[in-house]
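Here is a short briefing to read with the model open beside you. Please take a look at the sequence and structure first.

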Amino acid sequence: MTVIADAEPLRQFLRNAARRMRFIAIGEGAAAGLCVAFVLALLGVPARGAVWLAVLVALLCAAAGAVARLAVTSAVRSNIAHVVERRAPSCRNLVITADELLQERAGGLNGPKTTAAHTTAAHTTAPPHVAALVCHEAMRVVRALDLRLLFPARTAVIALGTSAALVALSVARDVEPLRVASSAVRSVISPDVPRIDELRITITPPSYSARPVVSVRDSSRIEALIGSRISLQIRGRADSLLVQTLRGTQRIAPNTAGAFRLDLPADADGFISITPMLASGTTGAARLIGVTVIPDAPPRVRIVTPGRDLFLRDTQAVIDLAVESDDDLGLATLQLRYTRVAGSGERFTFNEGTIPLTISRENSRVWKASGRLALAALTLTPGDLVVYRAVSTDRRPGAPATESDAFIAEIVSPGGDAAAGFAIDPELERSAVSQAMVVLKTEQLIARMSAMPADSLRAASMELAVEQRKVRAEFVFMMGGELLDERGHEGHLDDLGEEAEAEAEDDILAGRLENQGRAALMRAIRSMSRASTLLNVAELTDALTAEKLALSQLELAFSRTRIILRALAEREALDLSRRLSGDLTDARSAQRAVSAPVTDARTLALRTALSTLATIAGGSSSVDTQRAALDVFAQQLLGVDPSFEPLQAVSTLVSTASMQNDREARLQLERAVRALAGIVRSSSHAAPSSVPSLEAARLNGALIDARRRSAVLITPGGAR
Amino acid sequence: MAIAVVAFIDPAITTMRSGKPLVAVVPVNTHADSALAAHVREMLDDRFLVIPSRFARADATVLVGDALPLSLDGVSTPSFAVTDAIARSVRLVSVRAPTSASVHAPVRIDFTAEYASAAESPLSFALLHDGVIVDRGIVDSVIADRAVIPASARRARVNSTLTFVPTQAGTVRLRVLASHGMRGDTAMADALVAVHDTPLSILVFDPRPSYQSTFVRRALERDARLRVTSRTVTSRNISTSAGRAPSRLDDAEELARFDAIVVGAPDALSDRDVAGLERFLRERGGSVVLLLDSRARGPFERLTGVREWRYRDVDRGTRIVPVFGDTASLRASQQYAPAVLPDGATALARAHRTTSDSGAVAKGDVVLWATSVGAGRLVVSGALDAWRFREREVSAFDRVWQQLVVAAAAIAVPPVSVTLAQSVLAPHEETVVNVSVRSALLRGAANGSATGVAATRVSVELVVGDSVSAPIRVWPSGQPGQLVGSVRAPAASGIARLVVTAGGHRTETPMLIDSARKRASPDGTDVLAAWVATRGGQLSDASDLAAFPRALEAALASSARSERWHPMRSPWWLLPFVLALSTEWWLRRRGGLA
């Protein structure tokens, strides 16, 4: 067996070449990966400010790129002799031949065992001396080769360095020292101009919401859950900051030189305008942040089973109940409450209680519950009823509970059906009961009022006012009253027309309706109106007096003229024959001034804003000179309707226009004008269609007259 | 010597001879077409004797422009026409803007644009106010009869609307800009709108209390475009009124203050009331809205012309859907509609109805409709209980009635109306002004007499800033109550006001004077082509005029005509004159003379 002395040095050379090529591939792949990371950083992935996350993303991209590049070049590197030959033609195929001879021999010696210092030529197809000679010659040739020249790494190194530098820059822009340096440079360039260099906003939601703290930087719009704290950390060149919100204006002094901190509650939609100021009074460009406050919705609760009123004959019946409730943030409690209503005539007694529920929580926001209402335990007698409803609360401290629709289970009295014509309409009875419920709830609220916060008490009182109005609405409808159409935006369907009510009252007072029951009903309605008004301002004691008076009048009305009440439940037609039947000597004409239409303040403000904006956008003076006016205008615009998103968008367009060059700014302002015009257009009357000419109108009229005349002439009755 | 003497005398000779044909090149619009006319004149100058104005004895006339001129006097035959309308990529055919508009509602600017659809690029358009684009739009596809129009001349026409949102009262100049094609060819036209804050005057009159009328009145009282005066008669001699409302409807002078009258419970109107309303419609040119709230008959029916009514009562309110325009709808369960719509009446809204058997949607009764009574407009509502469905969530009760009454009041004839043929003019440009005096115009028409405006003193003045021009003469146009005149724009650019006073009424009409004004160019090329074809000529495209002179020559018969000419003015006389002088000099030299 012939030993080939040059085999190992030749193999070593090829291994070195493959290693160098691998390093170059890693460099190239990493460079590509870093480029991808840089592009992602420009696109905002990860968010600005997350330095370590940005570094991690860059490293991952680089690693992925390197692995991908290695995978792509693996086939090439396995034929390294070919690569060497291709790059060094002077080898004249010797390296490839020698490599193949060595591989054949290695195969003959079972691979790994051939890693000995010398390789024998005994099992090669080529004669050993030939193999030795080839290897010798190949070794001689490769000794003259320099791997650094053969596989230059310069390009890969430059690419890697450049991409790494780009990534480093993108990461470093959020690193504190660089920001400070940038600020310092700007200070040198324009020393007398106050400015805001950095605006970091931290939104801390209320603890009960279990939502994470959110930090954003240099944002022009934020959203916060109601009750959140908005913390602003501002850095810039200014001696003080002028902060404007819908609540007012305040001046903020720096904590340290150029650093400010401000905490605001997120309690209503609005904006935050921050204007840097110098001690000399010079102001810089203002930053405007639109604030959208997301309300914490009350929980929703409903009784799924049975979900309707029940009229039962069995006083021992058991009612299976299923309740569902959900909330946007999380539920705190879920209960099923009932009120036992017993008694006869108009004398009812009320007992309240709670039915135990088995609650299954799908998650913190969606709960389902089931329970059983055993009537036997309530000792109901025929004619009694139980009113039950589900009550749910969310986690917001002091939040009022939400109630589901209330359903009744009534024990029907024997023979009750036969007396339908002479009995109170069940709907009316419910109304009477509802008024009693209002009285009961008011009493309960008065009992609890000392332990309640003022705002919760007011909210609960206003809810009672809504209930009172609903009860009142039923009776007003029964009396033939109408819904008032002059409701404001805050109005509700249950707000009723005083005029219609008063109209009917005149009839009663005039004695045309000799029906004491109806008169009592009218007095009850008026008492309910007073009670509702008092509940709206949380005057509970006085409201209770009015409620009780209404109840007593209702009882009076029901006891006297039940049969009348049944007839009144149907829709009334106007009795025109009753008109003009009074004593005319007492009647007087009424005269009032023409009512001037009141233009909606919001529309008026929007129209004024549109005029101002169009003037600025179309003005001949440079936008640059109007930056301060634009900032103020953007604030005013946001103040018109802070929660209206299209207006927020227009405000953003205006406020950012002041940062553009003149041409871009004008284009942006023009877009803002069009958007604002669209908003004004949608809130105003539709554009009237074109008016026909006088000639056309006259011609049309003459034509119609002529056709009518001819029709009269040709009809037998119209012949002259 | 003889030549010199004859040349000094310069005798004129009249003979029959053939010369250069005489061609009149006439720009249709002296302002817009003068450049193209100059180009045509230059092109024809070599072969023809060209004059730049109308000349009845010219051998031919070439009209330069898009349409026939208003007057064809002095246009000789054969007639040719040259237009650049075909070559233009885009053209605004018309722009229609109201001369006045309320500040409380957007203003519609309707326009018609024509463009080369072969270019297959979208037509974009914009509305500019003070140089700012306040509205814009784009048209991607149009309906054009490509089958019959040659590919080279494919032109599409589109009607569209832009909207201007006024913010304050005053005269507003708007510019419609249409852009088309790869080169971004543009066409522009100006419009002038007088934005006002003056409400329309409305009377709501109820001969008896009516829920329908009450709630309509409340809706109208909330509209800033209207000033609502009302009277509700609640009993004999007892009424509730707002403002200075007339106590009866038969007082024409009192009613003339109002642009529109809304009548609730019209079945309670007396014969005299109905006669008063008819006078208001015919002699005032106002609008009347009848709000029926029951099926009761009455004298009011003679205004409507309805012979038979049809009543429907549906359990739940059916939507009353407008026939045109706005999609806002009423709702009513009791519907009272004419069995057959009267002659000339226009359906405004129909009940939305589904047939019960097949389930197919059928056209419902016309519950809301309008007709003309003289120059006035009568609107009748048979949605008897629409007021029951007036909640915003249920129907657009307020919006429908506000829009309907505003539209009705807007077409009421003003005491004096002024119409300008053009309200945007170049300095010194002249335009036609038409003045209509309502009292003479409508009273004469209503009485069937041709009483003019002799008894009414009419004065017309042009006011620029604080200076007032000399009175402008207007002449009776042949129609009673109508006068016509001509007004010339002043030299200074800016807003001028044409102030017309007649019979104690005064009206101001704004005019914009601007040398850079742009105007829509109405499409008259079809008429122009037909007209020149009947006069032995043809219409030529300005972008391809190479063959035009030859076509013009071919159309002109080479005819000799009697012509006075001066033979001694020919330069050729110089040759014999110089030759004679040279010969004389040579002979004198030969003879030894000096």
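At what angle do helix α17 and helix α18 of chain A pack, and how many Å apart are their axes? This is a predicted model, in which local features need pLDDT of at least 70, side-chain atom pairs count only at pLDDT 80 or more, and totals for chains, interfaces and linings use all residues. Residues are numbered from 1 along each chain as its sequence is written, while chains are lettered from A and ligands numbered from 1 in the order in which they are written.

**The helix pair in chain A**
- Helix α17(A) (residues 645-657) and helix α18(A) (residues 662-683) pack at about 160°, with axes 9 Å apart.
- The two helices are therefore roughly antiparallel (an angle over 145 degrees).
- Their crossing is left-handed (the near helix is turned anticlockwise from the far one by less than a right angle).
- Among the residues that meet are L653(A) and V654(A) from α17(A), and L669(A) and L676(A) from α18(A); contact requires C-beta atoms, placed from the backbone, within 7 Å.
- The residues of this contact divide into 13 nonpolar, 2 polar and 1 charged (Ala, Val, Leu, Ile, Met, Phe, Trp, Tyr, Cys and Pro count as nonpolar, Asp, Glu, Lys and Arg as charged, the others as polar).

**Where chain A touches chain B**
- The contact takes 45 residues from chain A and 58 from chain B.
- On the chain A side, α19(A) gives the largest share, 9 residues.
- That side divides into 22 nonpolar, 12 polar and 11 charged residues.

**Strands across the chains**
- β22(A) and β16(B) (residues 238-242) pair in the parallel sense over 3 bridges (pairing needs at least two DSSP bridges).
- R592(A) stands opposite A242(B) in β16(B).
- Helices (H or I, at least four residues) and strands (E, at least two) are DSSP runs, numbered from the N terminus.

Technical notes. Axes fitted to C-alpha atoms, helices over the stretch in contact; angles between N-to-C directions. Parallel < 35°, antiparallel > 145°, perpendicular 65-115°, else oblique. Contact = placed C-beta atoms within 7 Å.
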